[in-house]
Amino acid sequence: MAGCQCTQAAGCPTVSGNFTRLGINIDNYDFLIALAGNPNTGKTTLFNALSGLRQHTGNWPGKTVVRSEGAFRHHEYKYKVVDLPGTYSLLSTSEDEEIARDFILFGNLDCVVVVVDATALERNLNLVLQVLEITDRVVVALNLMDEAERKGLYVDARKLSRELGVPVVPMVAREGKGIDQLLQTVEDVVTGRLSTRPRRIDLDPQIEEAVQQLLPHLKNLYPHLSNHRWLAMRLLEGDRSIEDAIRNDALADPETGSTVPADEEIPELEAALEV
Amino acid sequence: MPASLADLDTGQKARILDLRLQGLERRRLMDLGFTPGTEVEVVMKAAFGDPIAYMVRNTKIALRKQQAEQIIVEPIS
């Protein structure tokens, strides 16, 4: 069952009859999912359990700096899964945060699984809320439940799920516990059977007004993106990396080409920023 | 009496009162767990006292002395 010991992913038997690890065979997938989370929460352990690959896990910051990719099949669907670098935030102050953030923003993901440490929820939920600002297709993997129990912590996953507005699945990834339920929940989200209602922070009315002024411009410039609200908030915060991305055309739709703001649009954007 | 995080000795604990920083630098420290009300412990200091490692919300995080000086705390005896 959970402790499938074979070394070759392709020949690995199923875990529960519905699940096959496909290693690096990532062609022609049906759904693309990513694993995000703070450093050292078990993302890579979960990635290995899903893909059958043997990415090294390590307890130091920046261990997974480039993203790794693998695949698995669950029921009739084939998934490509991407293991993102561990980060405390998505505000792009370092290379690994930028990789994680750009992939969640622009990677056309069907679902983001945020792996959180059940023993340090207060710290971990900051990133969850940031991911919920960007996308509503989120499943929280509440990992390290065994360590929480040893520390005498009881986490009410159902209540947490109600508060966050997205599913929360308790897990012990190291032992394969909770993987079946995680995969079922991910399937429900990617197929649209389960719709989420992510909790978002209410903004100060003045800031909300500024966001509303920026939104039409951003929607007009980047119709292919789905995170205009997030972009507006970063611009208002003075995030230089987003400003630069807009000026350098880095947010353009790769299929239709250039969407760099026309000369007359830059002053409009700047005016909207000066509320 | 309020002090800054940089004033504490190794092993000493304190509660954060305020961050005297603005913008992304403030946000960055808050993302790392340094929010008002949070308890912090000095774990160790490098040679010449810079950087300094703090235990904050179950994780060890090292700050430059210059950053630590901007975090105002109330020592817990």
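Modeller: This is a predicted model. In chain B an open sheet of 6 strands runs in the order β1-β6-β2-β3-β4-β5, with antiparallel pairing.

Colleague: What makes β1 and β5 of chain B edge strands?

Modeller: Strands β1 (3–4) and β5 (59–63) of chain B each pair on one side only.

Colleague: How do you know that β1(B) is paired with β6 of chain B?

Modeller: Pairing requires at least two bridges between the strands. There are 2 bridges joining β1(B) to β6 (residues 71–76) of chain B, and these strands run antiparallel; therefore the two count as paired. Within this pairing, Ser4(B) stands opposite Ile72(B) of β6(B).

Colleague: Why is the set around Val114(A) called a nonpolar core?

Modeller: The term requires buried residues of nonpolar kinds, such as Ala and Val, joined through C-beta atoms within 7 Å. The largest such core has 68 residues, and Val114(A), Val139(A), Val140(A) and Ala141(A) have the most contacts inside it. At least three of its residues come from each of domain 1 (9–190) and domain 2 (205–273) of chain A. Apart from it lies another core, of 16 residues, including Phe34(B) and Ile52(B).

Colleague: Which residues does Ala141(A) touch, leaving aside those up to four places away in sequence?

Modeller: Contact here means C-beta atoms within 7 Å. On that basis Ala141(A) touches Leu46(A), Val113(A), Val114(A), Val115(A), Val116(A), Val169(A), Met171(A) and Leu182(A).

How values were computed
Residues numbered from 1 in each chain as written. Chains lettered and ligands numbered in written order. Predicted model: local features only at pLDDT ≥ 70, side-chain atom pairs only at ≥ 80, totals over all residues. Buried ≥ 20, exposed ≤ 12 C-beta atoms within 10 Å, placed from the backbone. Domains from an automatic or database assignment. Contact = placed C-beta atoms within 7 Å. Helix = DSSP H or I, 4+ residues; strand = E, 2+ residues; numbered from the N terminus.
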